[in-house]
Amino acid sequence: MSESGIKELSADQLSNAIDVEQFQFESTEEVDSLEEVIGQSRAVKALEFGLDVNNKSYNIFVTGISGTGKATLVKRLLVERSADEPVPDDWLMVNNFDDSYRPISFPLPAGEGVTFSKKMNQLIANLKNEMPRAFETEDYQQKRSNLMEEFQQKKREKINDLEEDAKAHDIQIQSTNAGFQTIPIVNDNPIDQETYNQLEDNLKEQVDENIDYVQRQIQSTMREINKLEKEFQEQLQELNKEVSLFVVGHRIENLQEEYEEHDEVVEYLENVKEDIIDNVDDFLQAAQGEGNGNGQQQQIRAMLQQQQSNEPDFTKYKVNVLVDNTHTEGGPVIDETNPTYNNIFGRMEKRAKFGAVYSDFTMVQPGSLLRANGGYLILDIESVLTNPFVWDTLKRALRNQEIRVEDVQEQLGYVTVSSLKPEPIPLNVKVVLIGRREIFDILLAYDEQFDKTFKVRADFDYEAEQDRETIDQYVRFIARVCREENLTHFAPEGVAELIRTSQRAVSDQKKLSLRFGKIVELITEASYWCQQNSNSLIGREEVKKAFEERRYRSSLAEEKLQESVLRDVKMIDTKGEEIGQVNALSVYQLGDFAFGQPSRITAECYMGKEGIVNIERNAKLSGKLHNKGVEILSGWLGRQFAQDFPLNINVSITFEQSYGGVDGDSASSTEAYAILSGLSQIPLKQNYAVTGSMNQKGEVQAIGGVNHKIEGFFDICKERGLTGDQGVLIPESNVENLMLKAEVVDAIEDGKFHIYPVSHISEGIEILTGLEAGKADESGQYPENSVFGRTKRRLEEYVKRSFELKEKYGSEEE
């Protein structure tokens, strides 16, 4: 506190210095790497709870600002947890022999899916060789020949009987390509049509009757021959089945015995056996197609066969291994970085053939949801929501606990070339969504199914309490990053400076930043500057250099605004006194770069009834929070000065040379000072800048960006020349948020710059005017020469003058 009673901050209150002596190492290379999580006990506990609850509704939504390491931490925790969990089954898709448009899927123990697929391929390859050989054996050929001879014998007997019967009726039967032709016989000689026409009528009638009779016999005989042929085909088919079964039966039975514990596999193999027996001709045709010949001839023959529509198709016997967990250790952890519909739920590939496009079960490709089945799936919620159909389909899959591989074009309403409808696959997965708090709140408010599917929220903090344990963890984190990224290690002084930068990032002397993404970037850049300087360890100067260079790369806009102030384009006074004018402080946020700049606030007071006229609001440049701050200011004016009479005033208040909009209430105390100056006609010192919001009781409240604001005004004063009486008024409740750059701390220590903590408007106005604010007595009156006393007297004059004018002009009207 200064001699005049005004509170002023000393240099040691402007930051929290880190004691280098506490570090018992010369290099972080001597320190063990960090294994645990820093400052996220709440989030970790929520994650563990959600993972432990075996319920389809207890999926997890991880929230927090970017850079806190949410995704990295979540994945690391899941990988550690899944290491001790059982490896899930492989999933296979095979042909449905009853309905080829609805392929079926079944599981096999991890690693056995590919093995089963290879065995099926080998089975079909062996059958292509063995089946034709079985049909070429002497035994089969003899049995087939016997059946054929028996059939031909019976057929000849039927035809001979037919011919004898026809001959008895003077009809000769002649076999043609179109069937049997009947020729009449007269006097033991066949006759033609001309001879027939010359016959007597009674003889013609007899010939016609004989022809009709024989035609009926022909039809009857043909039916009997067809019946014989059908019997022959059935006998031949039965013989082929016996031979086929002999070839394929024991092979299928061996596989069935091997997979007897898997009912779905046994049933599938039984269907395969039946289909092979029913379609044995395909294997015989394939053997004929392979034939002999040199390599070029076989290649030409293969090309010709591919162009034939009746080429045997052995694709139906293939096995599509959707998920192969052969090399998976523990439960799968899938981090899907591009969550499109196809990438998550799978897709159906298509091929062109004969000028058309087709698809079958072998072209079905799994998505990350199926690959994560039995484990964990990590998704970024913003990417999920921006990809069509993904969000609704994901919720449906989790609710129904099944995966359906469908063609996304069907959901778009397009006619697809494939109507495959694979059977659904049972789903057992824990989904972890990662995103911003705002998205969580929106989904919770507007999506009725959201809280029924994602019941656990793991909220990541962006800061942690600074204590010895946290500092030790920070040191081990730095050591881990240096090892993992092959960076130069830190000396104790470099660690202390990095921790100080972390404090500054959260603007809190008692906390450390948990936005490790930014910390890692600073470590990386400090390592670069250390190597540029050919130093063996990163010290304080390298960390400062990295911070300053990072700031310089982003500070073009800041420099342009400062230049406009220094060239008096933007009018800011840093010396002298003015009535109704005060320097406010604002923070500009450009991406991830923030900086402070002063702005001029002016207030013009005159008689009227509108109260405070917010020019920004009338110009539609004022945000809701700024409007609220002005309304609070109006309430304080009424509370402070309008207990005995109404406020008949107009106060026009504005941010001068502001064209891009104003929001926030951090200037409400500043506006109060400008109004008090305008009403009391007491000038305000322009060597000060002010920040702080206020309530209706006149208490000054904490604001954000206090370090940026102080440094922004300091930079202007420094460029114009520090006079020793310049400074900033800040809320007293912001003192613990001070983490100012060394240049400001040094100037304050040397008495060239000042920071005043203020808890009430009365304290601030005394600093800005050098006069007593004034304290009301029992009658509500303030000392005559105090700021509040002169303000109230001016307000009383406005009221009296209003009544005088009303009386004067009111009488004239009468």
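**Salt bridges, sheets and a few buried spots**

Q: What is the relative accessible area of Glu 150?
A: Glu 150 counts as partly exposed, the label between buried (under 20% relative accessible area) and exposed (over 50%), using a 1.4 Å probe and protein chains only. Bear in mind that this is a predicted model, where local features need pLDDT of at least 70, side-chain atom pairs count only at pLDDT 80 or more, and totals for chains, interfaces and linings use all residues. Residues are numbered from 1 along each chain as its sequence is written, and side-chain values use heavy atoms, leaving out hydrogens and water. For Glu 150, the relative accessible area is 36%.

Q: Which residue meets Glu 150 in a salt bridge?
A: A salt bridge here is a side-chain nitrogen of Lys or Arg within 4 Å of a carboxyl oxygen of Asp or Glu. With an N to O distance of 3.3 Å, it's Lys 154.

Q: How many residues apart in sequence are the parts tied together by Glu 382 and Arg 436?
A: These two form a salt bridge, with the closest N and O atoms 3.0 Å apart. Glu 382 lies in helix H12 (residues 381-386), while Arg 436 is in the loop between strand E16 (430-435) and helix H15 (437-446), so the pair ties together parts separated by a stretch of sequence. Glu 382 is partly exposed at 34%, and Arg 436 is partly exposed at 38%. The separation in sequence is 54 residues.

Q: Which residue meets Lys 792 in a salt bridge?
A: Lys 792 is in helix H28 (residues 787-813), and its partner is 148 residues away, in the loop between helix H23 (624-641) and strand E24 (649-655). Lys 792 counts as buried at 5% relative accessibility. The N to O distance is 3.2 Å, and the partner is Asp 644.

Q: How many salt bridges does a search of the whole structure find?
A: Side chains of opposite charge can pair when their charged atoms come close. Some of the bridges share partners here, joining Glu 521, Glu 525, Arg 550 and Arg 553 into one network. The total for the whole structure is 45.

Q: Which side chain makes a polar contact with the side chain of Asp 165?
A: Asp 165, in helix H4 (residues 138-168), is buried but has no salt bridge, and the nearest side chain of opposite charge, Arg 216, is 9.4 Å away. For charges, Lys and Arg are positive and Asp and Glu negative, with His and chain ends not counted. A polar contact is a pair of N or O atoms within 3.5 Å; within protein, one must be able to donate a hydrogen and the other to accept it, and residues adjacent in sequence count only if both atoms are side-chain atoms. At 3.4 Å, the side chain in question belongs to Gln 217.

Q: Which side chain does a polar contact of 3.0 Å join to that of Lys 316?
A: Lys 316 sits in the loop between helix H9 (295-306) and strand E7 (320-323). Not counting residues up to four places away in sequence, Lys 316 touches residues including Asn 95, Phe 97 and Tyr 268, where contact means heavy atoms within 4.5 Å. The polar contact goes to Asp 275.

Q: By what average angle are neighbouring strands turned in the sheet E3-E2-E7?
A: This is an open sheet of three strands with antiparallel pairing, where two strands pair if DSSP finds at least two bridges between them. Strand E3 (104-108) and E7 stand at the edges with a single partner strand each, so one side of each is left without a neighbour in the sheet. Angles run from 0 to 180 degrees between N-to-C directions, with axes as lines fitted to C-alpha atoms, for helices over the stretch in contact. Direction ignored, the average turn is 35°.

Q: Which residue in E5 stands opposite Gln 174?
A: Strands E4 (residues 171-176) and E5 (residues 179-186) pair in the antiparallel sense over six bridges. They make a hairpin with two residues between them. Opposite Gln 174 stands Gln 181.

Q: Which residue with positive phi follows H27?
A: Helix H27 (residues 761-769) has seven of its nine residues buried, so it is largely enclosed by the rest of the structure. Among the buried ones are Ile 761, Gly 764 and Leu 768. With phi near 80°, the residue that follows is Gly 770.

Note on methods. Helices (H or I, at least four residues) and strands (E, at least two) are DSSP runs, numbered from the N terminus.
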